[in-house]
Amino acid sequence: MSTIAAISTAIGNAGIGIIRMSGENTFEIIRKIFKPKKTDFKIEANTINYGYIVEENKVIDEVLVSFFKAPKSFTTEDMCEINSHGGAIVMNEILELCLKNGATLAEPGEFTKRAFLNGRIDLSQAEAIIDVINAKTEKEAKASIKQLEGGLSQELGKIKAEIMEIMVDIEASIDYPEYDVEEVTNDRALKTLENIKTELKGLEKTFNNGKLIKEGIKAAIIGKPNAGKSSLLNAIVKEDRAIVTEYEGTTRDTIEEFIQIDGIPLKIIDTAGIRNTDNEVEKIGINKAKEMAEEADLIIFIIDASKELEDEDKEILELIKKKQAIILLNKTDLKLKITKNDLEGICKDKPIITISALKKEGIEQIYETISNMYKFNKIEIDESLTITNNRHKQAIRNMIENVEKAIKSINEKMPIDVISVHIIECLNEIGQVTGESLSEDIINEIFKKFCLGK
Ligand code: GDP
(Lines give C-alpha, C1' and ligand atoms only; values in the text may rest on other atoms or scores of the structure.)
Protein backbone atom coordinates (compact mmCIF):
# COMPACT_ATOMS: atom_id res chain seq x y z
CA MET A 1 0.00 0.00 0.00
CA SER A 2 1.15 3.56 -0.67
CA THR A 3 2.67 5.70 2.05
CA ILE A 4 0.24 8.29 3.38
CA ALA A 5 0.77 11.44 5.42
CA ALA A 6 -1.50 13.95 7.14
CA ILE A 7 -1.66 16.48 9.94
CA SER A 8 -3.42 14.66 12.79
CA THR A 9 -3.97 17.49 15.24
CA ALA A 10 -6.43 20.36 14.86
CA ILE A 11 -5.12 23.34 12.92
CA GLY A 12 -4.60 26.39 15.11
CA ASN A 13 -1.87 27.93 17.21
CA ALA A 14 -1.13 25.13 19.64
CA GLY A 15 1.93 24.12 21.63
CA ILE A 16 2.54 21.05 19.52
CA GLY A 17 1.11 19.48 16.40
CA ILE A 18 1.45 15.98 15.01
CA ILE A 19 2.10 14.95 11.42
CA ARG A 20 1.60 11.27 10.85
CA MET A 21 2.95 8.93 8.16
CA SER A 22 2.13 5.30 7.44
CA GLY A 23 3.23 2.84 4.75
CA GLU A 24 6.23 0.97 3.46
CA ASN A 25 8.27 4.06 2.50
CA THR A 26 7.76 5.87 5.79
CA PHE A 27 11.28 5.32 7.09
CA GLU A 28 12.88 6.06 3.72
CA ILE A 29 11.06 9.40 3.60
CA ILE A 30 11.83 10.32 7.21
CA ARG A 31 15.55 9.61 6.66
CA LYS A 32 15.52 12.27 3.94
CA ILE A 33 13.89 15.00 6.00
CA PHE A 34 14.84 14.31 9.64
CA LYS A 35 18.23 15.37 10.99
CA PRO A 36 18.65 13.68 14.37
CA LYS A 37 20.68 15.24 17.15
CA LYS A 38 22.17 11.88 18.15
CA THR A 39 25.22 10.92 16.06
CA ASP A 40 24.61 7.17 16.38
CA PHE A 41 20.92 7.48 15.43
CA LYS A 42 19.09 4.39 14.14
CA ILE A 43 15.42 3.94 13.41
CA GLU A 44 14.16 1.75 16.23
CA ALA A 45 10.62 0.74 17.07
CA ASN A 46 8.83 2.58 19.87
CA THR A 47 11.43 5.27 20.36
CA ILE A 48 11.15 9.04 20.48
CA ASN A 49 13.97 10.93 18.76
CA TYR A 50 14.97 14.55 19.05
CA GLY A 51 16.19 16.53 16.03
CA TYR A 52 15.20 18.82 13.19
CA ILE A 53 13.10 18.63 10.06
CA VAL A 54 15.27 20.07 7.31
CA GLU A 55 14.92 20.90 3.65
CA GLU A 56 18.18 21.40 1.77
CA ASN A 57 19.97 22.17 5.04
CA LYS A 58 17.36 24.76 6.00
CA VAL A 59 15.77 23.97 9.38
CA ILE A 60 11.98 23.96 9.21
CA ASP A 61 11.31 23.04 12.83
CA GLU A 62 12.71 21.43 15.94
CA VAL A 63 10.85 18.15 16.44
CA LEU A 64 10.43 14.85 18.24
CA VAL A 65 9.83 11.87 15.97
CA SER A 66 8.41 8.56 17.20
CA PHE A 67 8.75 5.33 15.24
CA PHE A 68 6.49 2.29 15.10
CA LYS A 69 7.51 -0.76 13.11
CA ALA A 70 5.13 -3.08 11.26
CA PRO A 71 3.12 -4.91 12.43
CA LYS A 72 3.16 -3.23 15.83
CA SER A 73 1.58 0.08 14.92
CA PHE A 74 -1.91 1.58 14.70
CA THR A 75 -2.20 0.71 10.99
CA THR A 76 0.06 -2.40 11.29
CA GLU A 77 2.39 -0.68 8.79
CA ASP A 78 5.65 1.17 9.38
CA MET A 79 4.64 4.49 10.92
CA CYS A 80 6.09 7.65 12.32
CA GLU A 81 4.67 10.62 14.14
CA ILE A 82 6.42 13.96 13.92
CA ASN A 83 5.75 16.19 16.95
CA SER A 84 6.38 19.68 15.69
CA HIS A 85 5.38 23.06 17.04
CA GLY A 86 1.67 23.57 16.58
CA GLY A 87 1.67 26.45 14.10
CA ALA A 88 -0.31 25.94 10.89
CA ILE A 89 2.55 27.21 8.66
CA VAL A 90 5.19 24.92 10.13
CA MET A 91 2.91 21.86 10.15
CA ASN A 92 1.95 22.45 6.52
CA GLU A 93 5.60 22.84 5.53
CA ILE A 94 6.48 19.51 7.14
CA LEU A 95 3.49 17.81 5.52
CA GLU A 96 4.47 19.26 2.12
CA LEU A 97 7.98 17.93 2.61
CA CYS A 98 6.65 14.42 3.31
CA LEU A 99 4.54 14.64 0.14
CA LYS A 100 7.45 15.96 -1.94
CA ASN A 101 9.51 12.97 -0.85
CA GLY A 102 7.02 10.36 -1.92
CA ALA A 103 4.07 10.26 0.49
CA THR A 104 0.51 10.87 -0.68
CA LEU A 105 -2.00 12.94 1.27
CA ALA A 106 -4.17 10.67 3.43
CA GLU A 107 -7.92 10.80 2.97
CA PRO A 108 -10.11 11.44 6.02
CA GLY A 109 -10.09 8.30 8.16
CA GLU A 110 -7.46 6.56 6.03
CA PHE A 111 -5.19 5.61 8.94
CA THR A 112 -8.12 3.98 10.72
CA LYS A 113 -9.32 2.41 7.48
CA ARG A 114 -5.91 0.78 7.08
CA ALA A 115 -6.06 -0.48 10.66
CA PHE A 116 -9.40 -2.08 9.70
CA LEU A 117 -8.33 -3.41 6.28
CA ASN A 118 -5.13 -4.83 7.79
CA GLY A 119 -7.20 -6.65 10.42
CA ARG A 120 -6.03 -4.84 13.54
CA ILE A 121 -9.51 -3.66 14.46
CA ASP A 122 -12.96 -4.55 13.16
CA LEU A 123 -15.47 -2.08 11.79
CA SER A 124 -17.36 -1.62 15.05
CA GLN A 125 -14.08 -0.60 16.70
CA ALA A 126 -13.28 1.80 13.86
CA GLU A 127 -16.71 3.38 14.31
CA ALA A 128 -16.04 3.64 18.03
CA ILE A 129 -12.99 5.76 17.23
CA ILE A 130 -15.19 8.32 15.44
CA ASP A 131 -17.55 8.27 18.41
CA VAL A 132 -14.74 8.82 20.92
CA ILE A 133 -13.52 11.79 18.88
CA ASN A 134 -17.00 13.27 18.52
CA ALA A 135 -18.29 12.47 22.03
CA LYS A 136 -20.22 15.37 23.53
CA THR A 137 -20.38 14.02 27.06
CA GLU A 138 -18.30 11.86 29.38
CA LYS A 139 -20.92 9.09 29.30
CA GLU A 140 -20.83 8.96 25.51
CA ALA A 141 -17.04 8.83 25.49
CA LYS A 142 -17.11 5.98 28.04
CA ALA A 143 -19.58 3.94 25.98
CA SER A 144 -17.45 4.46 22.87
CA ILE A 145 -14.23 3.43 24.62
CA LYS A 146 -15.91 0.20 25.72
CA GLN A 147 -16.73 -0.52 22.11
CA LEU A 148 -13.24 0.47 20.99
CA GLU A 149 -11.82 -2.06 23.45
CA GLY A 150 -13.71 -4.65 21.45
CA GLY A 151 -16.72 -5.19 23.72
CA LEU A 152 -19.22 -5.56 20.90
CA SER A 153 -16.82 -7.57 18.74
CA GLN A 154 -16.27 -10.08 21.56
CA GLU A 155 -19.97 -10.42 22.27
CA LEU A 156 -20.78 -11.01 18.60
CA GLY A 157 -17.76 -13.29 18.23
CA LYS A 158 -19.19 -15.52 20.96
CA ILE A 159 -22.58 -15.63 19.23
CA LYS A 160 -20.89 -16.36 15.91
CA ALA A 161 -19.02 -19.32 17.41
CA GLU A 162 -22.28 -20.71 18.78
CA ILE A 163 -23.98 -20.31 15.41
CA MET A 164 -21.05 -22.00 13.67
CA GLU A 165 -21.53 -25.01 15.94
CA ILE A 166 -25.16 -25.26 14.87
CA MET A 167 -24.03 -25.01 11.24
CA VAL A 168 -21.59 -27.91 11.73
CA ASP A 169 -24.40 -30.04 13.17
CA ILE A 170 -26.68 -29.13 10.29
CA GLU A 171 -24.01 -29.94 7.71
CA ALA A 172 -23.54 -33.33 9.34
CA SER A 173 -27.28 -34.06 9.16
CA ILE A 174 -27.35 -33.10 5.49
CA ASP A 175 -24.20 -35.05 4.60
CA TYR A 176 -25.12 -38.20 6.54
CA PRO A 177 -28.90 -38.50 6.28
CA GLU A 178 -28.60 -42.26 6.89
CA TYR A 179 -27.67 -41.54 10.51
CA ASP A 180 -30.78 -40.20 12.08
CA VAL A 181 -29.17 -37.16 13.68
CA GLU A 182 -31.67 -34.56 12.58
CA GLU A 183 -33.75 -34.85 15.73
CA VAL A 184 -30.72 -34.35 17.98
CA THR A 185 -29.47 -31.49 15.81
CA ASN A 186 -32.79 -29.71 16.06
CA ASP A 187 -32.98 -30.10 19.83
CA ARG A 188 -29.52 -28.73 20.32
CA ALA A 189 -30.00 -25.94 17.81
CA LEU A 190 -33.25 -24.90 19.47
CA LYS A 191 -31.59 -24.59 22.87
CA THR A 192 -28.62 -22.63 21.51
CA LEU A 193 -30.83 -20.35 19.43
CA GLU A 194 -32.99 -19.52 22.45
CA ASN A 195 -29.85 -18.54 24.36
CA ILE A 196 -28.60 -16.43 21.48
CA LYS A 197 -31.96 -14.71 21.24
CA THR A 198 -31.82 -13.78 24.93
CA GLU A 199 -28.29 -12.41 24.55
CA LEU A 200 -29.20 -10.38 21.47
CA LYS A 201 -32.36 -9.01 23.09
CA GLY A 202 -30.21 -7.87 26.02
CA LEU A 203 -27.88 -6.06 23.65
CA GLU A 204 -30.77 -4.49 21.76
CA LYS A 205 -32.23 -3.17 25.01
CA THR A 206 -29.07 -1.24 25.83
CA PHE A 207 -29.76 0.91 22.78
CA ASN A 208 -32.50 2.81 24.66
CA ASN A 209 -29.84 4.25 26.93
CA GLY A 210 -27.31 4.28 24.10
CA LYS A 211 -29.52 6.56 22.05
CA LEU A 212 -29.99 8.86 25.03
CA ILE A 213 -26.26 8.98 25.64
CA LYS A 214 -25.39 9.65 22.03
CA GLU A 215 -28.20 11.75 20.65
CA GLY A 216 -29.61 13.14 23.85
CA ILE A 217 -33.14 14.38 24.25
CA LYS A 218 -34.73 16.71 21.79
CA ALA A 219 -36.62 19.24 23.84
CA ALA A 220 -38.83 21.93 22.31
CA ILE A 221 -39.65 25.11 24.19
CA ILE A 222 -43.13 26.16 23.19
CA GLY A 223 -45.48 28.85 24.39
CA LYS A 224 -47.35 31.92 23.20
CA PRO A 225 -45.44 34.97 22.02
CA ASN A 226 -43.97 36.92 24.94
CA ALA A 227 -44.34 34.01 27.39
CA GLY A 228 -40.56 34.11 27.88
CA LYS A 229 -39.20 31.36 25.61
CA SER A 230 -36.12 33.26 24.48
CA SER A 231 -35.46 34.50 28.01
CA LEU A 232 -35.66 30.91 29.27
CA LEU A 233 -33.23 29.71 26.62
CA ASN A 234 -30.88 32.51 27.59
CA ALA A 235 -31.14 31.57 31.24
CA ILE A 236 -30.46 27.96 30.34
CA VAL A 237 -27.45 28.50 28.16
CA LYS A 238 -26.30 31.42 30.30
CA GLU A 239 -25.41 33.50 27.31
CA ASP A 240 -27.27 35.94 25.09
CA ARG A 241 -27.71 33.81 22.01
CA ALA A 242 -31.45 33.98 21.55
CA ILE A 243 -32.81 37.44 20.83
CA VAL A 244 -35.04 38.67 23.64
CA THR A 245 -37.55 41.20 22.52
CA GLU A 246 -40.60 42.98 23.90
CA TYR A 247 -42.62 42.61 20.71
CA GLU A 248 -44.76 39.59 20.06
CA GLY A 249 -44.01 36.98 17.45
CA THR A 250 -40.53 38.02 16.44
CA THR A 251 -38.86 34.70 17.11
CA ARG A 252 -40.03 33.37 13.78
CA ASP A 253 -37.47 30.71 13.20
CA THR A 254 -36.10 28.24 15.69
CA ILE A 255 -32.89 28.36 17.68
CA GLU A 256 -31.09 25.27 18.95
CA GLU A 257 -28.74 24.77 21.88
CA PHE A 258 -27.00 21.79 23.44
CA ILE A 259 -26.75 21.54 27.19
CA GLN A 260 -25.73 18.68 29.46
CA ILE A 261 -27.73 17.36 32.37
CA ASP A 262 -26.08 14.65 34.46
CA GLY A 263 -23.94 13.67 31.50
CA ILE A 264 -26.79 13.43 28.98
CA PRO A 265 -27.00 15.91 26.13
CA LEU A 266 -30.19 17.89 25.86
CA LYS A 267 -30.86 19.55 22.54
CA ILE A 268 -33.12 22.49 23.16
CA ILE A 269 -35.15 24.00 20.39
CA ASP A 270 -36.74 27.38 20.85
CA THR A 271 -39.82 27.70 18.67
CA ALA A 272 -41.88 30.59 17.53
CA GLY A 273 -44.93 31.35 19.62
CA ILE A 274 -47.91 29.13 19.11
CA ARG A 275 -50.89 31.39 18.42
CA ASN A 276 -53.88 31.46 16.11
CA THR A 277 -53.00 34.13 13.63
CA ASP A 278 -53.84 35.54 10.25
CA ASN A 279 -50.38 36.93 9.74
CA GLU A 280 -48.74 34.80 7.02
CA VAL A 281 -45.14 35.05 8.23
CA GLU A 282 -46.15 34.31 11.78
CA LYS A 283 -48.24 31.37 10.62
CA ILE A 284 -45.18 29.72 9.10
CA GLY A 285 -43.35 30.09 12.42
CA ILE A 286 -46.31 28.69 14.32
CA ASN A 287 -46.70 25.70 12.05
CA LYS A 288 -43.03 25.06 12.55
CA ALA A 289 -43.54 25.21 16.33
CA LYS A 290 -46.35 22.67 16.13
CA GLU A 291 -44.19 20.49 13.92
CA MET A 292 -41.27 20.72 16.36
CA ALA A 293 -43.57 19.83 19.26
CA GLU A 294 -44.63 16.79 17.27
CA GLU A 295 -41.02 15.74 16.66
CA ALA A 296 -39.64 16.55 20.11
CA ASP A 297 -39.02 13.92 22.79
CA LEU A 298 -39.85 16.44 25.48
CA ILE A 299 -41.96 19.58 25.44
CA ILE A 300 -41.19 22.47 27.73
CA PHE A 301 -44.37 24.54 27.74
CA ILE A 302 -43.92 28.00 29.14
CA ILE A 303 -46.84 30.15 30.26
CA ASP A 304 -46.81 33.84 31.20
CA ALA A 305 -48.29 33.51 34.70
CA SER A 306 -48.67 37.26 35.09
CA LYS A 307 -51.59 37.11 32.66
CA GLU A 308 -54.89 35.23 32.77
CA LEU A 309 -54.94 31.79 31.24
CA GLU A 310 -56.23 32.17 27.69
CA ASP A 311 -57.98 29.71 25.40
CA GLU A 312 -54.77 29.43 23.41
CA ASP A 313 -52.92 28.14 26.48
CA LYS A 314 -55.64 25.56 27.00
CA GLU A 315 -55.32 24.60 23.35
CA ILE A 316 -51.60 24.01 23.78
CA LEU A 317 -52.24 22.02 26.96
CA GLU A 318 -54.58 19.86 24.92
CA LEU A 319 -51.95 19.50 22.19
CA ILE A 320 -49.33 18.20 24.62
CA LYS A 321 -51.57 15.94 26.67
CA LYS A 322 -50.19 12.73 25.24
CA LYS A 323 -46.58 13.94 25.09
CA GLN A 324 -43.74 13.89 27.59
CA ALA A 325 -43.92 17.45 28.88
CA ILE A 326 -43.17 19.85 31.69
CA ILE A 327 -45.06 23.07 32.31
CA LEU A 328 -43.37 26.25 33.42
CA LEU A 329 -45.21 29.11 35.05
CA ASN A 330 -43.01 32.05 34.18
CA LYS A 331 -42.63 35.61 35.48
CA THR A 332 -43.12 34.71 39.12
CA ASP A 333 -41.32 37.95 39.98
CA LEU A 334 -44.52 39.75 38.91
CA LYS A 335 -48.02 39.60 40.40
CA LEU A 336 -49.39 36.17 39.47
CA LYS A 337 -52.73 35.56 37.83
CA ILE A 338 -52.21 31.81 37.35
CA THR A 339 -51.13 29.39 40.06
CA LYS A 340 -50.16 25.73 40.11
CA ASN A 341 -53.61 24.90 41.49
CA ASP A 342 -55.32 26.45 38.48
CA LEU A 343 -53.41 24.09 36.20
CA GLU A 344 -53.41 20.91 38.20
CA GLY A 345 -57.00 20.20 37.23
CA ILE A 346 -56.22 20.54 33.52
CA CYS A 347 -52.98 18.59 33.33
CA LYS A 348 -52.78 16.18 36.22
CA ASP A 349 -49.75 14.11 35.33
CA LYS A 350 -47.35 16.85 34.15
CA PRO A 351 -44.76 18.44 36.41
CA ILE A 352 -45.44 22.16 36.94
CA ILE A 353 -42.54 24.41 37.91
CA THR A 354 -42.67 28.10 38.78
CA ILE A 355 -39.79 30.12 37.40
CA SER A 356 -38.60 33.57 36.56
CA ALA A 357 -36.68 33.38 33.31
CA LEU A 358 -35.69 37.01 33.68
CA LYS A 359 -34.21 36.56 37.16
CA LYS A 360 -32.88 33.08 36.28
CA GLU A 361 -34.84 31.54 39.16
CA GLY A 362 -36.14 27.95 39.14
CA ILE A 363 -33.77 26.85 36.36
CA GLU A 364 -32.03 24.23 38.52
CA GLN A 365 -35.43 22.72 39.28
CA ILE A 366 -36.08 22.32 35.57
CA TYR A 367 -32.82 20.36 35.25
CA GLU A 368 -33.69 18.19 38.26
CA THR A 369 -37.16 17.44 36.92
CA ILE A 370 -35.82 16.42 33.51
CA SER A 371 -33.08 14.32 35.08
CA ASN A 372 -35.60 12.47 37.27
CA MET A 373 -38.03 12.07 34.40
CA TYR A 374 -35.48 10.14 32.37
CA LYS A 375 -33.65 8.65 35.38
CA PHE A 376 -30.34 10.00 34.06
CA ASN A 377 -28.50 9.20 37.26
CA LYS A 378 -29.42 5.55 36.90
CA ILE A 379 -27.76 5.25 33.50
CA GLU A 380 -24.51 3.50 34.26
CA ILE A 381 -22.25 2.40 31.48
CA ASP A 382 -19.15 1.42 33.43
CA GLU A 383 -19.86 -2.29 33.65
CA SER A 384 -21.74 -3.27 30.55
CA LEU A 385 -21.62 -2.77 26.85
CA THR A 386 -24.01 -0.14 25.48
CA ILE A 387 -25.08 -0.01 21.86
CA THR A 388 -25.04 3.61 20.72
CA ASN A 389 -24.82 3.15 16.96
CA ASN A 390 -28.01 2.97 14.92
CA ARG A 391 -26.39 0.75 12.29
CA HIS A 392 -25.42 -1.78 14.94
CA LYS A 393 -28.87 -1.71 16.51
CA GLN A 394 -30.49 -2.37 13.14
CA ALA A 395 -28.14 -5.30 12.49
CA ILE A 396 -28.88 -6.75 15.95
CA ARG A 397 -32.60 -6.41 15.31
CA ASN A 398 -32.18 -8.29 12.00
CA MET A 399 -30.18 -10.99 13.82
CA ILE A 400 -33.01 -11.42 16.33
CA GLU A 401 -35.54 -11.65 13.50
CA ASN A 402 -33.56 -14.39 11.77
CA VAL A 403 -32.96 -16.30 14.98
CA GLU A 404 -36.72 -16.18 15.62
CA LYS A 405 -37.41 -17.41 12.09
CA ALA A 406 -34.93 -20.26 12.57
CA ILE A 407 -36.60 -21.22 15.87
CA LYS A 408 -40.01 -21.14 14.20
CA SER A 409 -38.77 -23.32 11.32
CA ILE A 410 -37.47 -25.91 13.76
CA ASN A 411 -40.71 -25.90 15.73
CA GLU A 412 -42.68 -26.32 12.52
CA LYS A 413 -40.42 -29.21 11.51
CA MET A 414 -39.30 -27.50 8.31
CA PRO A 415 -36.49 -29.11 6.27
CA ILE A 416 -33.11 -28.50 7.79
CA ASP A 417 -31.82 -26.42 4.87
CA VAL A 418 -34.63 -23.88 5.41
CA ILE A 419 -33.39 -23.45 8.96
CA SER A 420 -29.85 -22.97 7.76
CA VAL A 421 -30.92 -20.11 5.46
CA HIS A 422 -31.96 -18.05 8.49
CA ILE A 423 -28.87 -19.00 10.42
CA ILE A 424 -26.60 -17.97 7.55
CA GLU A 425 -28.49 -14.68 7.31
CA CYS A 426 -27.79 -14.12 11.00
CA LEU A 427 -24.06 -14.72 10.42
CA ASN A 428 -24.21 -12.26 7.57
CA GLU A 429 -25.68 -9.63 9.91
CA ILE A 430 -22.84 -10.17 12.37
CA GLY A 431 -20.49 -9.57 9.45
CA GLN A 432 -22.27 -6.28 8.77
CA VAL A 433 -21.29 -5.03 12.20
CA THR A 434 -17.71 -6.30 12.14
CA GLY A 435 -17.29 -5.29 8.52
CA GLU A 436 -16.58 -8.80 7.17
CA SER A 437 -19.65 -8.87 4.98
CA LEU A 438 -20.09 -5.23 4.06
CA SER A 439 -19.72 -3.88 0.57
CA GLU A 440 -16.77 -1.60 -0.15
CA ASP A 441 -19.11 1.32 -0.87
CA ILE A 442 -20.68 1.22 2.58
CA ILE A 443 -17.27 0.86 4.21
CA ASN A 444 -16.06 3.91 2.31
CA GLU A 445 -19.14 5.84 3.43
CA ILE A 446 -18.43 5.01 7.06
CA PHE A 447 -14.82 6.18 6.86
CA LYS A 448 -15.80 9.41 5.14
CA LYS A 449 -17.25 10.54 8.47
CA PHE A 450 -13.76 10.67 9.96
CA CYS A 451 -11.67 13.77 10.25
CA LEU A 452 -8.41 14.27 8.43
CA GLY A 453 -5.34 12.64 9.91
CA LYS A 454 -7.24 9.94 11.84
P1 GDP B 1 -40.84 34.87 23.76
O2 GDP B 1 -41.58 35.68 22.77
O3 GDP B 1 -41.69 33.78 24.31
O4 GDP B 1 -39.52 34.38 23.29
O5 GDP B 1 -40.57 35.85 25.03
P6 GDP B 1 -39.28 36.68 25.44
O7 GDP B 1 -38.29 35.79 26.09
O8 GDP B 1 -38.86 37.47 24.26
O9 GDP B 1 -39.89 37.59 26.57
C10 GDP B 1 -40.90 38.53 26.31
C11 GDP B 1 -40.85 39.65 27.35
O12 GDP B 1 -41.11 39.13 28.65
C13 GDP B 1 -39.49 40.32 27.42
O14 GDP B 1 -39.70 41.68 27.67
C15 GDP B 1 -38.85 39.67 28.65
O16 GDP B 1 -37.91 40.50 29.28
C17 GDP B 1 -40.05 39.45 29.53
N18 GDP B 1 -39.83 38.34 30.46
C19 GDP B 1 -39.43 37.08 30.18
N20 GDP B 1 -39.33 36.33 31.30
C21 GDP B 1 -39.68 37.15 32.33
C22 GDP B 1 -39.76 36.98 33.74
O23 GDP B 1 -39.50 35.92 34.32
N24 GDP B 1 -40.17 38.06 34.46
C25 GDP B 1 -40.47 39.27 33.90
N26 GDP B 1 -40.84 40.26 34.68
N27 GDP B 1 -40.39 39.46 32.57
C28 GDP B 1 -40.01 38.43 31.78
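**Figure 1. Overview of the chain.** The chain holds 15 helices and 13 strands, and the model shown here is a predicted one. Of the 454 residues in the chain, 48% are buried. Where contacts in the chain join residues at least 6 apart in sequence, 68% of them are between residues at least 24 apart.

Figure 2. Seven strands form an open sheet in the order 3-4-5-6-2-1-7, and their pairing is mixed. Strand 3 (34-36) and strand 7 (104-105) are the edge strands of this sheet, each of them pairing on one side only. Within the sheet, strand 2 (residues 14-22) and strand 6 (residues 79-86) are antiparallel and pair over eight bridges, with S22 standing opposite M79 of strand 6. Helix 2 (residues 88-100) lies across strand 1 (4-7), strand 2, strand 4 (47-55), strand 5 (58-68), strand 6 and strand 7, and runs at about 150° to strand 6.

**Figure 3. Strand 11 and its two parallel neighbours.** Strand 11 is mostly covered, with seven of its seven residues buried. On one side of strand 11 are L298, I300, I302 and D304, on the other are I299, F301 and I303, and all of these are buried. Strand 8 and strand 11 run parallel and are joined by four bridges, and the bridge partner of A219 in strand 11 is L298. Strand 11 is also joined to strand 12 by six bridges, and these two strands run parallel. Among the residues bridged in this way, I300 has I326 of strand 12 as its partner, while I303 has L329 of strand 12.

Figure 4. Strand 12 is mostly covered, six of its six residues being buried. A325, I327 and L329 point one way from the strand, I326, L328 and N330 point the other way, and all of them are buried. Together with strand 11 and helix 10 (residues 311-319), strand 12 makes a β-α-β unit that is right-handed. Strand 12 also pairs with strand 13 (residues 352-354), in the parallel sense and over three bridges, and in this pairing I327 stands opposite I352 of strand 13.

**Figure 5. The largest nonpolar core.** The largest nonpolar core has 31 residues, of which L232, I300, L328, I366, I370 and F376 touch the most other members. At least two residues of this core come from each of helix 7 (182-215), strand 8 (217-222), helix 8 (229-237), strand 9 (255-261), strand 10 (264-270), strand 11 (298-304), strand 12 (325-330) and helix 12 (363-373). Helix 8 supplies the largest share of the core, five residues. Leaving aside residues up to four places away in sequence, L232 touches I221, I300, I302, L328, I355, A357, I363 and I366. Another core, of 29 residues, lies apart from this one and has A395, M399, I410 and C426 among its members.

Conventions:
Residues numbered from 1 in each chain as written. Predicted model: local features only at pLDDT ≥ 70, side-chain atom pairs only at ≥ 80, totals over all residues. Heavy atoms only, no water. Core = buried A, V, L, I, M, F, W, Y, C linked by side-chain atoms within 4.5 Å. Buried < 20%, exposed > 50% of the residue type's maximum accessible area, 1.4 Å probe, protein only. Contact = heavy atoms within 4.5 Å. Pairing = 2+ DSSP bridges. Right-handed = clockwise from strand over helix to strand, strands pointing away. Axes fitted to C-alpha atoms, helices over the stretch in contact; angles between N-to-C directions.
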